[in-house]
Amino acid sequence: MCFYSYFLLSFLALVVLGVGSVLGYAFRDRIALGMQDQMYQSLDMYGRRRLTTVSWDMTQEDLHCCGVENYRDWNDRIPDSCCMDDYGARKRPCQQLQTSLTIYRMGCYEAIAEALTRNCLLLGGTSLILMVVIVPATIIAYYMLTTV
C-alpha cells in the first residue's frame, strides 16, 4: 500500500511538473499579455484594497520601477513607492517634483519581465533537477509495486 501511494504521488508530481513547464513555455506570450492587463486593472484598486496597495508598493520599491509602462500610468496620484531614495534613505518629494530625477523611470512590467529572464535559467534548472530526481523514483516505485 505504501509503494502504491508513493508511486501515485511521484507520478502525479512528474505529470504536473512536465505539463506545467510545457504549457508555461508554450503560452508565455499570452501569459505576459494577461499579466500586463491585470497590472493595468489593479492600478484602480491602489489605495482601496490593502493587498493590492502593498503588492504595488513592494514591487515598485524592490524592482525600482513605477507603474505598468511608466509613472504616467498613475496619472496625478503617484505613490511614494515610485520615489527614489535620497542618500539619507529618505524619499525625494516626487509628488511635488514629478521629474525623471525623482521617480523611477522603468515600468514594472518591463522590470518583472527582466527579473524573470534573469531567473529563467534557475527556474529551468530547478525543473530539470526535479525531473531527474522524480523520474527514477517513480520507476523504482513502479518496479517495487509490480514485484511485491
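Colleague: What makes you say that α2 and α4 meet?

Modeller: Ala32, Met35, Gln36 and Met39 in α2 meet Cys108, Tyr109 and Ile112 in α4, where contact means heavy atoms within 4.5 Å. This is a predicted model, in which local features need pLDDT of at least 70, side-chain atom pairs count only at pLDDT 80 or more, and totals for chains, interfaces and linings use all residues. Residues are numbered from 1 along each chain as its sequence is written, and side-chain values use heavy atoms, with hydrogens and water left out.

Colleague: At what angle do the axes of α2 and α4 cross?

Modeller: They cross at roughly 140° and come within 11 Å. The axes are lines fitted to C-alpha atoms, for helices over the stretch in contact, with angles from 0 to 180 degrees between N-to-C directions.

Colleague: Which hand does the crossing of α2 and α4 have?

Modeller: It's right-handed. The rule looks at how the near helix is turned from the far one by less than a right angle: anticlockwise is left-handed, clockwise is right-handed.

Colleague: How many helices and strands are there in the protein?

Modeller: Four helices and zero strands, giving the pattern α-α-α-α along the sequence. Both are DSSP runs numbered from the N terminus: H or I for helices, at least four residues, and E for strands, at least two.

Colleague: How far from the side chain of Ser42 does the backbone oxygen of Met39 lie?

Modeller: The distance to a polar atom of that side chain is 2.9 Å. A polar contact is a pair of N or O atoms within 3.5 Å; within protein, one must be able to donate a hydrogen and the other to accept it, and residues adjacent in sequence count only if both atoms are side-chain atoms.

Colleague: What joins the side chains of Gln60 and Trp74?

Modeller: A polar contact of 3.0 Å. Gln60 sits in helix α3, residues 50-63, and has a relative accessible area of 0%, so it is buried. Setting aside residues up to four places away in sequence, its neighbours include Cys65, Cys66, Pro79, Tyr104 and Cys108.

Colleague: What makes Tyr46 and Trp74 an aromatic pair, and of which kind?

Modeller: By the rule, rings of Phe, Tyr and Trp (its six-membered ring) pair if their centres lie within 6.5 Å; planes under 30 degrees apart are stacked, over 60 edge-to-face and the rest tilted. The count comes to two pairs. Tyr46 and Trp74 are 4.9 Å apart centre to centre with 65° between the planes, an edge-to-face pair. Tyr46 lies in the loop between α2 (28-43) and α3, and Trp74 in the loop between α3 and α4 (108-147), so the pair ties together parts 28 residues apart in sequence.

Colleague: Which ring forms an edge-to-face pair with Trp74 at 5.4 Å?

Modeller: Trp56, with 80° between the planes. Trp56 lies in helix α3 and Trp74 in the loop between α3 and α4, so that pair ties together parts 18 residues apart in sequence. Trp56 and Trp74 are both buried, and Tyr46 is buried too. Tyr46, Trp56 and Trp74 form one aromatic cluster.

Colleague: Where does UniProt place the "transmembrane region" feature?

Modeller: The unreviewed entry puts it at residues 6-27 and 121-145; UniProt positions are in the numbering used here, feature names are shortened, and annotations may be inferred rather than shown by experiment. In the model, residues 6-27 are 95% helix, with end C-alpha atoms 31 Å apart. Residues 121-145 are 100% helix, with ends 36 Å apart.

Colleague: What is the phi of His64?

Modeller: About 55°, a positive value although His64 is not a glycine. His64 lies in the loop between α3 and α4, and at 46% relative accessibility it counts as partly exposed.

Notes: Buried < 20%, exposed > 50% of the residue type's maximum accessible area, 1.4 Å probe, protein only.
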